[in-house]
Amino acid sequence: MIDFRKLRLTFTVFNFTQNRTILKPSLNPRFFSTQNSLQLDVKPKLRSKSAIKEAQSALLEYLHSTRSLQFLDADNMCKNSPFFLQNLVEKSLKNENTINTKRLISRYLRYHPINEFEPFFESLGLKPSEYAPLLPRGLIFLNDDPLLMENYHTLCNYGVPRSKMGKIFKLAPQVLSFENGVLNLKLKAYENLGISPSILVNAVAVSPCLLVGDVNFEFVKVVEILKSIVAKGGDGDVDSGLIQWHFLDEASCKWGLMLELLCWLSDAGFSEEQLAEIIRRSPCVVFEESGGKTLSMIGFLTKFGLSVNQIVPVFLEFPQIRMVKFFANLRMCFQLLTEIEMEAAEIGKIFQSHTLFVGSSTLKTTKSLLGCLNVGKKRLCSIVQDDPFVMKNWVLGKRVKPLVSIREAEEEKSKAGKTEFLLRLGYVENTKQMNSAFKIYRGKGAELQERFDFIVKAGLTRDEVCRMIRVSPQILNQNTDTVKTKIEYLEKQGYSVSDLGPRPRFGL
């Protein structure tokens, strides 16, 4: 039945003949909203800190003294439910500015009973949009749901932090309705299998599904293996922090994957000491995404022909980055090599010999590289095949300079070879003689060296040939076939090759 005393009226029709507004009533649809009392994840206008403190004091007095909730429960609800408190202050004070905030809020609570489940779930770490599906129908008082409070106190007494219970109730809502004693029996069952309370508290917080159904023996086996690693690796104990719980995200915590990875590492030949060192130095290898990303990386490398013996060093020398990032870098490099049309066999060789380097570097995209380097796919592919470490210069965030053209590269190579040849002949770099010789001697460095060696093999010493070409440089401008023909002609005329030494112009 509609309470017409609370019904708001608005007037919206305009009278054009008299140029004034005529007010007509219309129903405010917000009055009928079923979510009027629960503003999901939207904080109302912020009040002063003093007003919030007064609201906390009034709410604590109401929950503990009036509603008979345990003091610790009521105190936690008051201190850790900011959304609820802001809404409570807004409803209690409305537009009033008063110094007696606590009295007004206490009066409001006296005549307007609140839904106690809202601040309760919010104080456990849930947002209004997250705990809305958990609100029981037809109940507003916590003491009317004894099973919920019984299981909540069981977890509290066992040592589970209140701030982490929200995830447990969200991901395993069955825990809310366990019969008396059932939750205790489940916890004791794990303890009887050798799981310490300190481990179980953290495990339940990241993986609430452990409390649902039968005992998770995969989880038990994982803890047993870790205990064995710690015992033989001499690195403290599992309880003292070997398990990096922050890597075990609640949405991806899969003990079966972790068990599979630990078994693979053991079968690969890792000793307990090595496994302890890997977990201590790079915990993401085992715990990130429950080891699933590591297993994916192992399968990825295996497709490129890497054996177990080639994969093992990757873990022993794993860089200080997350496994997710390492695997993403491998895939990005594979995409680059594929897009520049490198053959699969060549890609496999690069991954087999440069796994750690490739996984540690985040490369630019193919399109970006081709544009920055000003090259085509074929040449880029050739550059990577010749020296895979050149990709160090192509990491994301590093400035990449354009490569010289093929013609310019060949000219530079030819110039370098010619310079090296002239230096061997005794010329001094950056002198007039060197510059003059550069113009006189025609051909690439390799070609000049070939002609020089041919004359030496014909029967002259190296020093004699050096003197000859200084007197008559054009000798080296002839190809070997021409020089050979001239030498043969002189020999037929009765001269020897040694006669050319003092008189090079005579024959050549």
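The protein chain of this predicted model exposes about 28,500 Å² of surface, and carbon and sulfur atoms supply 52% of that area. Of its 508 residues, 42% count as buried. The secondary structure of the chain comprises 27 helices and two strands. When contacts between residues at least 6 apart in sequence are considered, 71% of them join residues at least 24 apart.

Packing between helices was examined for one pair. Two packed helices are described by the angle between their axes and the distance between the axes. Helix α8, spanning residues 162-171, packs against helix α10, spanning residues 197-206, at an angle of about 50°, and the two axes lie 8 Å apart. On the α8 side, the contact is made by K164, K167 and I168, while α10 contributes N202, V204 and A205. Classified by residue type, the contact of α8 with α10 has three nonpolar residues, one polar residue and two charged residues.

Most residues other than glycine have a negative phi, and most peptide bonds are trans. E341, although not a glycine, has a positive phi of about 65°. This residue, E341, lies in the loop that connects α17 (323-339) with α18 (344-353). E341 counts as exposed because its relative accessibility of 61% is over the 50% cut-off. A positive phi, of about 60°, is also found at N374, which is likewise not a glycine. N374 is located in the loop between α20 (366-373) and α21 (377-386). With a relative accessible area of 59%, N374 is exposed, because that value too is over 50%.

A further loop position is that of Q474, which is found between α25 (462-471) and α26 (480-492). Q474 has a relative accessible area of 40% and is therefore partly exposed, as this value lies between the limits of 20% and 50%. The C-alpha atom of Q474 is separated by 7.4 Å from that of I440, a residue 34 positions away along the chain.

Definitions and conventions. Residues numbered from 1 in each chain as written. Predicted model: local features only at pLDDT ≥ 70, side-chain atom pairs only at ≥ 80, totals over all residues. Heavy atoms only, no water. Axes fitted to C-alpha atoms, helices over the stretch in contact; angles between N-to-C directions. Helix = DSSP H or I, 4+ residues; strand = E, 2+ residues; numbered from the N terminus. Contact = heavy atoms within 4.5 Å. Nonpolar A, V, L, I, M, F, W, Y, C, P; charged D, E, K, R; others polar. Buried < 20%, exposed > 50% of the residue type's maximum accessible area, 1.4 Å probe, protein only. Areas by Shrake-Rupley, 256 points an atom, 1.4 Å probe, with all protein chains shown as cover.
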